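Please read the following briefing alongside the sequence and the model.

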Amino acid sequence: MKNLRRKTLAAASAATLGVGLALTGGLAPAAAAGPDTSYLVLAPQGANTSKAAARVAAAKGTVVATYDQIGVLVVRSTNPDFATQVAGAGVESVASTAGLGSALDEGETVEVSAADVASATGDPTKEPLYGQQWDMNMIHVPQAHAVTTGSSNVVVGVLDSGISSSHPDLATQIAKDKSTSCIGGVTNTTESAWNPTTSDHGTHVAGTIAAAINGVGVTGIAPGVKVAAVKVVNDDGYIFPEAAVCGFLWAADHGMQLTNNSYYIDPWELNCKNDPRQRPVWQAVQRAIRYSQSKGVLNVASAGNSNYDLAHKITDTGSPNNGTPEERENLTNACLDLPAEAPGVVTVGAVGPTGEKSYYSSYGQGVIDVTAPGGDTRYRTQGVRSTSTDAILSTTFNTATKTNGWGYKQGTSMSGPHATGVAALALSAHPGMTPGQLSSFLERTAVAKSCPEGVYNPVPLISATNPNLYDATCSGGARNGFYGAGMVDAYNVVQ
Ligand SMILES: [Ca+2]
Ligand SMILES: [Ca+2]
C-alpha cells in the first residue's frame, strides 16, 4: 500500500514553481497562462492574511478561501510564476499542492444482500443485523447502551468521502446544519455536495459511530450522538491538503468535539526532508490540527494499513538496485504522517475477531495510542475460506446503483471510528472534558493487551510464496506498539 501511495503521490508538479528565481521589483511581463493550480499561502504564524492577500492579487492569484484563524490562504492561479511572485513581506511561505493529494485507502466493500438483510434475526438491541456485529460485543457496546447511547449535544465530524443522507440507518443521525464539502479547500454546504459520489467509505465510518437503533440494519456505538459529514475526499479518491485544512477548521468552528480521520497523508514517503517545497503544505495542515485542538476538538486518526512500524520508519533509497532499508533520519515536524502522527491526535491500530493485531495494521511503540476492531478476514473463523464476516459490518452506499445498504469493510479506517464512537460516549457521560483529558480517559479505560511473544507472524498466511510478508515485532509492556494502551471499551467510559 505504501508503494501504491508513493506512485500516486509522486506526480508532484514542479513546473509551476520556478524555484530559485529571484524576485525583482515589479511584476514580470505577462506570461503564458499555465494550468489552474492550487496553492497554500501562509502568512507568518499569528499574523492575519491581509498583506498576503494583497500579494496574491498582485501575483495574479485568486483567493478561494481565507483561513485567518491560522494565517492560511487557499489560492488558485494560472500564473506559472505565481509562487515566486507572491513571495515577500506578509507571506511566510507558499507551495503548490499539485501532486500532494493522498489516495484514500478505500478498501473493498462486501455488501449484504437484500434477502439477507430482510431475513436477519434480531438480537439484544433489536437491530436485525446485530448478530453479525462481533465488534460491538468486543468493546462492550450493549453494556454501555444500558447506561447511555450518547447525547445529541455531541457532534462528531466525519472527515471522509461524505455520508449518505438518505440512508435509513443514518438519515436521523446527521447534523445537516454542520455538514459540508471541503473539496478544493472551499466549503459548500449544499446537501448534495457532502453526500457520497464515488466512495461509500465515509458512509461506512459514520454507521460505526452512530447508526440508529431503529429496528433497521445495524447499530452504531453512539447512536444518540450526531455525525456531521465533512467531505474531504474528492471524486478521484484523493485527499488534498487544502481539503484537510478546511475540514479541521470547519469542525473546530462548528462546535464539534470530535473528528474521525480514517485517512492519512504521508509526506514522508516523498522524502519531505529533501523537499522544502512541501514543508509549507504540511505546516498548514499542522496549524489546522493545532487550531482545532485549541477549540476543544479531539481528533482521532487511523494508523494505516501497511503493517508498517511507524516508530522505525524505513524506506529504500529509491534506486532500483539498492533496496537496502535505511532508518529514517530525524525529521522535522513538518514531515510527519498526518494526521496520525500529529501531537495530540489519538492514533488507532486494528484487531480482528480474535483480538489480535490485524495483519495489515500499522503499529509502533509511542505511535499507537489505542486499538479497536478493524476486522481481519484472514482468520476464517467461520469455515475454511476467508470470510467477509470477520470484517466490520456497517452502513454502505453503492455509488454505482445509488442505493443504500449494509456491508463489510476492514481496515484501520474501520477501527478508528470505533475509538471515535467510544470517545463520543465518554463525552456524553462526562461532558466538558478537554481534548487532552478525553484522550487520557480513553487510554486509562482501555483494556490493556500484551505483546505476543517473539516475531508475530499471523496465520493462516496470506501469501504462500512470501510467508514472512506480514511479520511484525511488538515492543513495550502494558503499553506497547501493537495495542497502545489497549482496546477501547465503551462500557468503561460511561462509568
Ligand atoms: Ca439500525
Ligand atoms: Ca497520537
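Of the 495 residues of the protein, 57% count as buried, where buried means under 20% relative accessible area, exposed over 50% and partly exposed in between, with a 1.4 Å probe and protein chains only. The model is predicted, so that local features need pLDDT of at least 70 and side-chain atom pairs count only at pLDDT 80 or more, while totals for chains, interfaces and linings use all residues. Residues are numbered from 1 along each chain as its sequence is written, chains are lettered from A and ligands numbered from 1 in the order in which they are written, and side-chain values use heavy atoms, with hydrogens and water left out.

**Overall organisation**

- The protein has 13 helices and 20 strands, these being DSSP runs numbered from the N terminus, with helices (H or I) of at least four residues and strands (E) of at least two.
- Among contacts between residues at least 6 apart in sequence, 76% join residues at least 24 apart, a contact being heavy atoms within 4.5 Å.

**Calcium sites**

- The calcium ion (ligand 2) is coordinated by Val-345 (O), Thr-347 (OG1) and Asp-369 (OD), at 2.3 to 2.8 Å.
- Here too distant parts of the chain are linked, with Val-345 in the loop between strand 14 (326-327) and strand 15 (346-351) and Asp-369 in the loop between strand 15 and strand 16 (370-373), 24 residues apart; Val-345 and Asp-369 are buried.

**Nonpolar cores**

- The largest nonpolar core has 62 residues, and Val-227 and Leu-258 have the most contacts inside it; such a core is a set of buried Ala, Val, Leu, Ile, Met, Phe, Trp, Tyr and Cys residues joined through side-chain atoms within 4.5 Å.
- Helix 11 (residues 412-429) contributes the largest share of this core, eight residues.
- A second, separate core of 45 residues includes Val-74, Ala-95, Phe-248 and Leu-336.
- Apart from its neighbours within four places in sequence, Val-227 is in contact with residues including Val-156, Val-158, Ile-163 and Ile-209.

**Strands and sheets**

- Strand 11 (residues 258-261) points Leu-258 and Asn-260 one way and Thr-259 and Asn-261 the other way, and all are buried.
- Strand 11 runs parallel to strand 7, joined by four bridges, and also pairs in the parallel sense with strand 12 over four bridges; two strands pair if DSSP finds at least two bridges between them.
- An open sheet of three strands has the order 6-18-17, with antiparallel pairing, and its edge strands, strand 6 (110-111) and strand 17 (392-398), each pair on one side only.
- Strand 17 and strand 18 (residues 403-409) are antiparallel over seven bridges, and Lys-409 in strand 18 is the bridge partner of Ile-392.

**Helix 10**

- The 16 residues of helix 10 (residues 279-294) should span 22 Å at 1.5 Å a residue, which agrees with end C-alpha atoms 22 Å apart; the expected span is 1.5 Å times one less than the number of residues.
- Buried residues of helix 10 include Trp-282, Arg-287 and Tyr-291, and what covers its buried residues includes strand 1 (37-42), strand 3 (72-77) and helix 9 (241-253).

**Backbone details**

- The peptide bond from Leu-338 to Pro-339 is cis, with omega near -5°, and Pro-339 is in the loop between strand 14 and strand 15.
- Lys-60 has a positive phi of about 65° although it is not a glycine, and this residue counts as exposed because its relative accessibility is 51%.
- Lys-402, also not a glycine, has a positive phi of about 60° and lies in the loop between strand 17 and strand 18.

Note on methods. Donors are N, O and S atoms within 2.8 Å of the metal (3.2 Å for Na, K and Ca); water is not among the atoms, so sites may look incomplete.
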